[in-house]
Amino acid sequence: MLSFAESYNLFVATPWLGGLLWLWVGLCIGSFLNVCIWRIPNGMSLISPPSHCPKCDHPIRAWENIPVISWLCLRGKCSGCKQPISIRYPLVESLTGLVFLAVYFVKAEAGAPVLLLYSITAAVLIATAFTDCDYRIVPDSIVMTQLITVVLILVWKQYGHWQEIAVYLLANMVVPGILLCGFAMLGRGLTGKQVFGWGDVKLLTVLAPVTGIINFLWLLLTAAVLALVIAPVYKRIKPKMRHRPIPFVPFIALASALIMLTPLTVPLAERLYPALRVMGM
């Protein structure tokens, strides 16, 4: 029987098989994210009641819950009441699957901890982007998922090196979190308005350990530039949004993809602070 290390090496050495497998994992995670995006902001359990049609309460059977495929087979309609099923369900599944596939090709060779870290981070960003768009909130439970993931991956990679873990989290999460809180309070004090949502602060704080402090600054700058460019165009296209705040998390998610999955930035954090090269990314 193959060990975990041997199985993972095979997973990486056969990219067509590994990529397809991780694509399928992403599609399944995307199906779960659809549940999270709807239920968590509405205070509902993720387990009970089982998945059902929101229009006729028809229970979703196993064969009707296959990511993307079931929606296509059902022609986008509920098998019970024949009412349309939103196309957003397969779109979220497809988006998550494609992002997982990209993460596989960019990060799989860095090892299983890094692949899991980036994949879970991607899922968190997709979920919070949609909850921010729909409800203007970033659920604490999703942020806590990211925080727990970061800590567990650090422990996995650096078990026993508690001082290095503590220093890394201090420099790459605690300090950015304090600075973000200060910026949010300063902006509110100077303008009398909330210029930076607390949900954005919490999410960015738990993203910082993934990128490293230097690339985190690039992420912030990229997200701000994207918002400045896209938001006015969106408000022009959607006049009813002119007097409503534009959700910022989608720009954070897009900037994170550009920073973490493309060679747009040099890993300056590792060059300037080699002692903090804990995550091995």
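1. Basis. The model is predicted: local features need pLDDT of at least 70, side-chain atom pairs count only at pLDDT 80 or more, and totals for chains, interfaces and linings use all residues. Residues are numbered from 1 along each chain as its sequence is written, and side-chain values use heavy atoms, with hydrogens and water left out.

2. Fold. The protein chain has 11 helices and zero strands. Both kinds of element are DSSP runs numbered from the N terminus (helices H or I, at least four residues; strands E, at least two). Read from the N terminus, the order is α-α-α-α-α-α-α-α-α-α-α.

3. Overall dimensions. Along the principal axes, the C-alpha atoms of the protein chain fill a box of roughly 65 × 60 × 30 Å. The radius of gyration is 20 Å; a compact globule of 281 residues would have one near 19 Å, so the two agree. That radius is taken over C-alpha atoms, and the globule rule is 2.2 Å times the number of residues to the power 0.38. Of the 281 residues, 41% count as buried. Buried means under 20% relative accessible area, exposed over 50%, and partly exposed in between (1.4 Å probe, protein chains only).

4. Helix 2 against helix 4. The axes of helix 2 (residues 15-39) and helix 4 (residues 88-107) come within 7 Å and cross at roughly 140°. Axes are lines fitted to C-alpha atoms, for helices over the stretch in contact, with angles from 0 to 180 degrees between N-to-C directions. Helix 2 and helix 4 are therefore oblique to each other. The classes are roughly parallel (under 35 degrees), roughly antiparallel (over 145), roughly perpendicular (65 to 115) and oblique (the rest). The crossing of helix 2 past helix 4 is right-handed: the near helix is turned clockwise from the far one by less than a right angle. The residues of this contact divide into 15 nonpolar, nine polar and two charged. Here Ala, Val, Leu, Ile, Met, Phe, Trp, Tyr, Cys and Pro count as nonpolar, Asp, Glu, Lys and Arg as charged, and the others, Gly among them, as polar.

5. Helix 4 against helix 5. The axes of helix 4 and helix 5 (residues 112-135) come within 9 Å and cross at roughly 150°. That makes helix 4 roughly antiparallel to helix 5. Helix 4 passes helix 5 in a right-handed crossing too.

6. Aromatic pairs. Rings of Phe, Tyr and Trp (its six-membered ring) pair if their centres lie within 6.5 Å; planes under 30 degrees apart count as stacked, over 60 as edge-to-face and the rest as tilted. The count comes to seven aromatic pairs. One of them joins Phe 11 and Trp 22, edge-to-face, at 5.9 Å centre to centre and 70° between the planes. Phe 11 lies in helix 1 (residues 4-13) and Trp 22 in helix 2, so the pair ties together parts 11 residues apart in sequence. Phe 11 is buried at 13% relative accessibility, and Trp 22 is buried at 12%.

7. Tyr 104 is buried at 4%, whereas Phe 105 is exposed at 53%. Ring pairs link Phe 4, Tyr 8, Phe 11, Trp 22, Phe 100, Tyr 104 and Phe 105 into a cluster.

8. Val 225. Val 225 sits in helix 9 (residues 213-237). Val 225 is partly exposed, at 43% relative accessible area.
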